[in-house]
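Open the structure in your viewer and keep the selection tool at hand.

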Amino acid sequence: MFLFRSYEFRFGPPLSAGPLPLHLSNLTSLTHIALSQTHIRAELKAFTQHLSAVTSLRHFDMEANFLYGSIPAALVTMPALAILSLSDNYLTGSIPALGSQLLALSLNSNYLSSSFPNPPTLLPTCTALSTCLTDFTGCLGTVRLSGDCGTICGGGCGEGEVCAPLVEAGSEPGSIVPMECAVSIDSVPPRMMETSAATAMLLLRSSLAVTFTDWTTDSLCLTSGGSKLTPHGWTGMLCDSQGHPIAMDITATTGHFLLESPAFSSVVSTLHALTSIALAGNEIYAELKSFAQHLSHLPSLKHLDLSSNLFFGPIHSSLLTIPTLTSLSLSGNYLSGSIPALGSQLLALSLASNFLSSSFPTPPTPLPACSAHTNCLTDVSACNTSESGAGNQRSGSECAICGGGCAVGEVCAPDPSVTYPMVCTASTESFLPVAMAPAAAAAMLALKTSLHVPFTDWVQGALCSLEGAADSTTHGWTAVTCNGEGHPTAITINLQELSGSFPSEVSALTALTHISLINDHIVAELDVLAANLPSIPNLQYLDISYNFIYGTLPTTILAKDTLTSLSLSSNYLSGSIPAIGSQISHLHLPHNYLTGTFPSSGATFASCTCADNCLQSAVNCNAGDDALQRESGCDICSHAIGTVQPCGANGVCAPEVSPASPSSPAAEPGSPLPMTCHATGRKRSKRACKKKRSICHPFQCGAGYFCVPFVRSCKGYKCVKLWR
């Protein structure tokens, strides 16, 4: 094991002005960082905002750069920091109170003002020569001779601004350069994440074992250039000024971070503004090709860090040739096979500590940064001459993995329970799609008709993708996975336009455990939509968040004995919450209009959220949500909150959803909408159904009418007049 203790980069070419990354905290033995004379131009507070996470740091040297702004208090009070060098920069403002741990402080040639603070203990070494301080007691200092202490930036900047140097070609750090007012990190507020991006992120939360409770649609995303100290949500994410995610840094989370291999990259590939993905140290166990197969669809991806996980299999050429990717780290995994040809765009490549074989390929252009030690390579001189010796590679016995090779359709993978030996397992490329079982196919076709599923490859005879298979395998039944016997196990239809209900035929889907219908613009009464879901024998996971679903919570769903996870977030549900079955461990009901008190139950929740409702008490779900209920908007359907049956025995309170038009965009699920009383679908008699057989789509009814699905023996839909 190697302990990373020191990083020095001096007198080098100009470096990026982005902040020091949060995952530096993974380097638990890092004690020394030196980046002097590297022409970094950044606000010091922004550049060092993650540095406090490096609790072992003792020496931080940023001399001779173009750093500006004030010195953050969090920097001078880091518990282990003994030596801090910030001389020859463009820092302004007063010096904050110093920590007693400091032994040496260098602040020469800056624009710091006011008095030098009285340190808790005498500083053995302290210099503040050529500054704008008025009192140097406790530190050796002098006033700037240039006389520009009161004139920089016109004597001061406005609120939310900071005085920064204008750097031109040939400018040297510490020299006198023009100064101008620039936007400060503290004036860049976090923003709401863009709606479609937030939906994609919530899909990731479902497919990954993400435990961050602040991944919600109403959370604010930290904005590029903003301060992490500003309250925000979406832990690990960074957004641009329009709310599009540009960076994902989810490193070293708690324990195993297992996921459905194809789900990650297929969802992430819709986040077109992403430039950086860091998932180091999460014990992700997946075949690399399957996990990363869609990342080439990201048009701006520059940095990818999948190091220190349990990835296995070969490196696919598409990953090394992503046109925009300049930095790739796959070190500390279980990758095997030869390294494919490299793309000319790569500037930094780390493949150390794997089981890669053959010779390192000659790159089209020399790699400025490359590491491939501790592999089974015969020659790595094309990567890094200093690592070309045999002593930097694994021994012959270590390289004899999986008995020297695996059969066709298999791949060498680590045993999850031990480091060695590695064993042969089926490759995702060998997971060939299967024919769907006839009875299951008939049920799925009934579902297609009843829910108006738009996929044209839902046809009898189409092949179904096997669980865990690479999405690149040609198959039908889009958004469905099957087991080896051809029975559907998961239906994941998101971001579509659906309407209708689940038909009675779904009871034949005996292997189905997972249903996800997120943001499908479903306009339906929950009792009608989900009336037949309890008949699915093994249903465990149900997520129909971000739709226009209304009505009350049916007891039959909450009492379903196999159901362990239920999410109905961001809909228009009202009424009280009935008794909750003890089998449910994950329950998410935020952003509805539920009333009364969250019931006490025998359930032990691993996660429960119910914020932004009209509840009198939410402590039985989440004590933190008790104070996060709606302050207004609970008087739905023109009745005060708590009114018993505000729409009568045969009515239900529902949102008025208007179709999109050139002058009016479509309503977003969860957004405030007028709510009125409609006829309830569950009370309609068979005779009443027979009176009208007109088929309607939720957006095809005329003004003043609403589309209601027939239920039980009735077929289709009809338009009914709104109750006023």
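Select Cys614 and Cys634: they form a disulfide (a pair of cysteine sulfur atoms within 2.5 Å), with their sulfur atoms 2.1 Å apart. The torsion about this S-S bond is about -100 degrees, so the disulfide is left-handed. Cys614 lies in strand β43 (residues 614-617) and Cys634 in the loop between β43 and β44 (651-655), so the pair ties together parts that are 20 residues apart in sequence. Strands are DSSP runs of E, at least two residues, and helices are runs of H or I, at least four, numbered from the N terminus. Both Cys614 and Cys634 are buried, meaning under 20% relative accessible area with a 1.4 Å probe, protein chains only.

This is a predicted model, in which local features need pLDDT of at least 70 and side-chain atom pairs count only at 80 or more, while totals for chains, interfaces and linings use all residues. Residues are numbered from 1 along each chain as its sequence is written, and side-chain values use heavy atoms, without hydrogens and water.

Next, select Cys637 and Cys653, a disulfide with an S to S distance of 1.9 Å. This link is right-handed, with 110 degrees about the S-S bond. Cys637 is in the loop between β43 and β44, and Cys653 is in strand β44.

Now pick Cys610, which is in no disulfide; its nearest cysteine sulfur, that of Cys621, is 3.4 Å away.

Finally, colour by pLDDT, the predictor's confidence in each residue from 0 to 100. The protein chain has a mean of 81. Helix α11 (residues 686-691) has the lowest mean among the elements, 35.

Terms used: Buried means under 20% relative accessible area, exposed over 50%, partly exposed in between (1.4 Å probe, protein chains only).
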